[in-house]
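I opened this notebook to record what I looked up, residue by residue and then element by element.

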Amino acid sequence: MGKVIKQNTGSSNILEKHENKLKGLGYKFTKPRRIIMRALSEGSKLLDADSIYMLAKSYDPKIGIATVYRTLELLTRLNLICRIILGSEKSYYMLSKDCRKETSIYMICDNCKRIIANNKCLNSSIKIRLRDDAEENILKNCKIKIDNYQVFFTGLCDKCSK
Ligand SMILES: [Zn+2]
């Protein structure tokens with residue numbers, strides 16, 4: 001086992017759950033899928049496809065960029081990882097317990113790109129909820145089907161704001 005930087009979400013637990021979920025959906029827990037989820041679980045930085053590819057390559061030098069992209073697409077579609085699109089249409093990925101059910105409130109540091117999720121102090125200052133029947137109203141009035149929403153803040157993390 002390599003070094004594992006524990007995220008406060010309990011990443012090893014998520015990996016096990018994701019493995020079971022993948023198998024439950026009839027997908028094999030292939031090496032690239034395992035490697036990519038592991039790469040996402042190790043850091044607490046926001047990773048784009050290229051950085052995931054570099055990390056994956058350190059586990060398996062034979063892994064190809066096309067495989068990484070394909071795997072990211074699949075895992076995103078299955079809601080095992082969440083795609084975050086920041087300003088410039090650049091996609092980043094993070095591991096999540098369940099992107100559909102979980103409404104994540106997180107903060108992304110503009111400077112070091114660290115993700116701060118499930119931060120009690122941050123969460124205690126924020127109260128965000130959809131209006132009753134929001135999903136139905138949005139579908140009816142805006143013709144937009146929402147199945148998840150994420151709230152993120154940007155700024156400087158505790159280390160960078162010093
Ligand atoms: Zn920072």
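I began with Lys 143, which counts as exposed because it has 7 C-beta neighbours inside 10 Å; the cut-offs I used call a residue buried if 20 or more other C-beta atoms lie within 10 Å of its own, exposed if 12 or fewer, and partly exposed in between, with C-beta atoms placed from the backbone. Lys 143 lies in the loop between α6 (134-142) and β6 (151-155), and its phi is positive, about 60°, although Lys 143 is not a glycine. Before going further I noted that this is a predicted model, in which local features need pLDDT of at least 70 and side-chain atom pairs count only at pLDDT 80 or more, while totals for chains, interfaces and linings use all residues. I also noted that residues are numbered from 1 along each chain as its sequence is written.

I then turned to Lys 113, another residue other than glycine with a positive phi, here near 65°. I found Lys 113 in the loop between β4 and β5, and with 17 C-beta neighbours inside 10 Å it counts as partly exposed.

Asp 110 is found in that loop too, between β4 (105-109) and β5 (115-117), and I list Asp 110 as exposed, since 11 other C-beta atoms lie within 10 Å. What does Asp 110 touch, not counting residues up to four places away in sequence? I found Thr 154, Gly 155 and Leu 156, where contact requires C-beta atoms, placed from the backbone, within 7 Å. I also looked up Asp 110 and Phe 153, which are 43 residues apart in sequence and 9.8 Å apart in space, C-alpha to C-alpha.

Next I checked the strands around this loop. An open sheet of three strands has the order β5-β4-β6 with mixed pairing, where two strands pair if DSSP finds at least two bridges between them. Its edge strands are β5 and β6, each pairing on one side only. β4 and β6 pair in the parallel sense over five bridges, and I noted Tyr 106 opposite Phe 152 in β6.

Buried residues make up 20% of its 162 residues.

I then looked into helix α3 (residues 49-59), where Ile 52, Tyr 53 and Ala 56 are buried. Seen down the axis of α3, these buried residues fall within an arc of 100°, so they line one face of the helix; the arc is that of the directions from the helix axis to the C-beta atoms. On the other side of α3, I found Asp 50 and Ser 58 exposed. The cover over the buried residues includes α2 (31-42), β1 (47-48), α4 (65-77) and β3 (90-95).

Leaving aside neighbours within four places in sequence, I found Ile 81 in contact with several residues, including Leu 40, Leu 75, Tyr 93 and Met 94.

Technical notes:
Helix = DSSP H or I, 4+ residues; strand = E, 2+ residues; numbered from the N terminus. Contact = placed C-beta atoms within 7 Å.
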